[in-house]
Structures are given as C-alpha cells and as structure tokens.
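Here's a quick tour of the model, from the fold of one chain to the way two copies sit together. Have a look at the picture before reading on.

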There are 2 protein chains.
Amino acid sequence: MSPRIGLDLPTLLQTATEIADQKGMEAVTLASLAQKLEIKSPSLYNHVNGLNGLRTKMAIFGLEQLHHTLIHAANGRSGDVAIRAMSRGYVTFVRSHPGLYEATLQAPDPSDPEVQQAGKPIVDLVLQVLEPYGLNEEESLHITRGLRSLLHGFASLEQKGGFGLPLNRDESLDLLIETYLAGIQAKKSKY
Amino acid sequence: MSPRIGLDLPTLLQTATEIADQKGMEAVTLASLAQKLEIKSPSLYNHVNGLNGLRTKMAIFGLEQLHHTLIHAANGRSGDVAIRAMSRGYVTFVRSHPGLYEATLQAPDPSDPEVQQAGKPIVDLVLQVLEPYGLNEEESLHITRGLRSLLHGFASLEQKGGFGLPLNRDESLDLLIETYLAGIQAKKSKY
DNA sequence: TTGCCGAAACTAATGCCATTAGTTATAATA
DNA sequence: TATTATAACTAATGGCATTAGTTTCGGCAA
C-alpha cells in the first residue's frame, strides 16, 4: 500500500519556502521547485494540485508558522506587554521569512475554507491577549483588525522597500505600537 | 519627425489600468494589453521596456493618481480633520482602483529613482498636514510612516479578502484612525 | 517466495507567454 | 517629392504550466 518512497509534503513545502524566502514568491515556479527537488515538474502533480495548489498549501503553512511564532512571543502574557511582544514577533517573522509571509497573502482564493481556518487561530490569539482591556466583543474585533492592519502594513512596506527615508525602522515600529496602545487607553477612559 | 500616429503612453497606461482594476495585476500581461489595444504584443516594446518597464510605469502612474486623490481630500486642511479625510480618500482610492494600487507596490525595483520621486510628494503632503501637532522632524517622520503603514495595511488586507469576519469595515477603519489620533494626542501631552 | 497493485516517478506534447531580430509602412520634414 | 525616423508588423526562440499516457517499484496478499 505504499509506492516509491519519494517525496513527502513537508519537505516539498520546506523547499518551496527556501526558494520563496531567498528569491521571492514570484520565483516559486513548478519548474524551479522541481529542479531543486531533483525531479521533473509534472511529478509535482502527484503531491500538489498545480501551481495554485502549491500556493494554497504555502499560504496555509505560512499562517501556521506565523501563529506558532506569535504564540511563542505572547507566551501566556496579555495586555500591553503581550501586544508589544507579539508585534515584535510578527515583524521578526516577516523579516526572516519574507517569501513565506508573502505566500500567506497570495492564496489564489483567500476564502478557501482551509486558508480561513489557518488564519482563525491568529485572530483568536489576539482577542485573548486583548481581554484585560475590558472591551466589548465588537470593539475587540475592531481593535484586532486594526492591530493586524498596522502590523501587516508596516511589515509589508518594509519588505517591499517602501520606506525610502533613512530612518530607523525599529523605532518607527515601536512608536507605532506605543501610539496605538496609548490610543486604546485614551479612548477607553472616555466611558 | 513623427511616424504613424498610433498609440500614446497615456492611453496605454489607461488601458493597462482597466485590466488591472478588473482582473488584478497578474492579468496585466503584454499579450492581454496588446489584445485590448488591437496591436501585436511586440509592438508594445516601442512604448515600454518590456513587462518590467510597463510595471514600473504603472507604479509611477498609480502613485501620481494616489497623490492627486490625497491632495484633493486634504484640500488645504490640516490636523485631525485632514488626516481623517485623507485616510478615507486613501481607502476609497484603493477600493476603486485595486489593480492600480497593487501596481504601486509591485514595481520591479522600488528603489528606482523615478518611483521614489513619485512617492515623495505623498510623504511631503502628510508631513505638511501633521505640522500643527508640533512634533520635531524625526517624530513627524515616524508618525507619517506609521500612518502609511496603517492605511496600507488596512486597504491591502481588505482588498485581498483578508478580513474574514462579518464586521463593518468602515467602522474598523474609523476606529483605527481615531485610536491612532488619540494616541498621538496622548503621547504628545506627555512632554 | 512470488505475483499483484497502487502510487509516484517518468516522457511526450500542447499552448501561452515574453522577448529578440529583422522587415514594412507611414507621417512629417526638408 | 524624396528622405528619414518611428511605430507597426512577422517570424522565431525558449521558458513556463498543464495534460495524457507510460514505466517503475515498494509493500501486501496469496
């Protein structure tokens, strides 16, 4: 009940990730992946549903890795301390896995159930960390969305070389986070 | 000193923009553009330096359009009012020109002088609008970077269907902006 | 041990794409 | 009217994804 030993999905994804991180997601082709794995590209269809299938699997894989990183960064903490740690973790992840992070946002169909399911734990983690702020459910969701926007925006612009100015980027990130946290406090005290 | 009348760059860019906005940037190929213009694809090389050249020109064009939108939105105002208006303008632009906005961030070489030069007026506009906050130069730059991160992040995630939850997106945006503005005020009063 | 079977590799072929080289046609100028 | 520069064209190449059909081999059952 088992064929030639050959290739398994984890090593396939790992190899694809290496290409993505080194040369960008656009360099991840079935041809380049097959070459690195020392097989012919049609053979990849035994493991993955074409290029779109590969991209979908990479998106899911990337979301899982990101979630793992964030869990580790938050490490049971909550509130401001946790948000600072998670934010650093998020940006560090993107810096060390630029291609895999790119894959995360490049799923051929973002509404794919498996992709959605891979993203959900991340949202849940942030919601959990926000609990001590005593926001109602809807507010929490908005604030979570905002935090994700801000982290994604920063990381994405940094990755794409969008920050032209000669200005320390870690300082920008810290100030951005602190400003957002201060804003949450300021708005909270208005009730 | 002039040949067959043929095609000019503005209509070429406009046509490319239509494809991008309707089907996404990945659908902008020399083949699809040539077909829509009713010419053969090699003829495009008379106007544009291959696909990379087209992408570069689209990035510049998109930045100019975005700048125009923001100028119009700010309309001489400054401070919180201007930032709210510009933020709405930014997101509205991305919603109505998703492909062109995508092009903006997909320049083959973001450090290309022409691309940098097209982005600079946007940064300058934001800096100008931030003047009444009385921040020093470095703070202003960090805050500008933060605002851009947050707007890009929100717009980009929204565009890519990254917001899975059934939650009003305009409310998320408003809260995000208000929180950031509140944060700026809160941090400012600490001095 | 031997034979079967399924899975994973393969080869061959197709069609789309970008790109290059070389050619033709035309509009303005001299 | 003849020249010239420019923008269109055709033809050809090579890389890519994808499909169809074939071969090979590891494990399980007889």
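Helix axes here are lines fitted to C-alpha atoms over the stretch in contact, and the angles between them run from 0 to 180 degrees, taken between N-to-C directions.

## The chain at a glance

Bear in mind that this is a predicted model. Chain A has 8 helices and 0 strands, so you can read its element order off as α-α-α-α-α-α-α-α from the N terminus. Laid along the principal axes, the C-alpha atoms of chain A fill a box of roughly 65 × 45 × 25 Å.

## How α4 sits on α7

Let's begin with α4(A) and α7(A). Their axes are 10 Å apart, and the angle between them is about 30°. The crossing, as α4(A) passes α7(A), is right-handed.

On the α4(A) side, the residues that do the meeting are A:Ile83, A:Ser87, A:Tyr90, A:Val91, A:Val94 and A:Arg95. Facing them from α7(A) are A:Leu147, A:Leu151, A:His152, A:Phe154, A:Ala155, A:Glu158 and A:Gln159. Sort the residues of this contact by class and you get 8 nonpolar, 3 polar and 2 charged.

## How α6 sits on α7

Helix α7 of chain A (residues 137–159) also packs with helix α6 of chain A (residues 113–130), at an angle of about 115° and with the axes 10 Å apart. Here too the crossing is right-handed.

From α6(A) come A:Val123, A:Val126, A:Leu127 and A:Leu130, and they meet A:Ser140, A:Leu141, A:Ile143, A:Thr144 and A:Leu147 of α7(A). How do the residues of this contact divide by class? There are 7 nonpolar and 2 polar residues, with no charged ones. A:Leu147 turns up in this contact and in the one with α4(A) as well.

A search of the whole structure turns up 14 salt bridges over all chains. One to look at pairs the side chains of A:Asp174 and A:Arg88, at 3.2 Å from N to O. The pair ties together distant parts of the chain: A:Asp174 is in helix α8 (residues 169–188) of chain A, while A:Arg88 is in helix α4 (residues 79–96) of chain A, 86 residues apart.

## Two copies, one surface

Now for the pair of chains.

How much area is buried between chain A and chain B? It comes to about 3,600 Å², and carbon and sulfur atoms give 68% of that. A:His142, A:Arg145 and A:Leu167 supply 19% of the area chain A buries against chain B, more than any other three residues. In all, 39 residues of chain A are in contact with 39 residues of chain B, yet the salt bridge count between the two chains is 0.

Key: Residues numbered from 1 in each chain as written. Chains lettered and ligands numbered in written order. Predicted model: local features only at pLDDT ≥ 70, side-chain atom pairs only at ≥ 80, totals over all residues. Heavy atoms only, no water. Helix = DSSP H or I, 4+ residues; strand = E, 2+ residues; numbered from the N terminus. Left-handed = near helix turned anticlockwise from the far one by under 90°. Contact = heavy atoms within 4.5 Å. Nonpolar A, V, L, I, M, F, W, Y, C, P; charged D, E, K, R; others polar. Buried area = accessible area lost by both parts, 1.4 Å probe. Salt bridge = Lys/Arg side-chain N within 4 Å of Asp/Glu carboxyl O.
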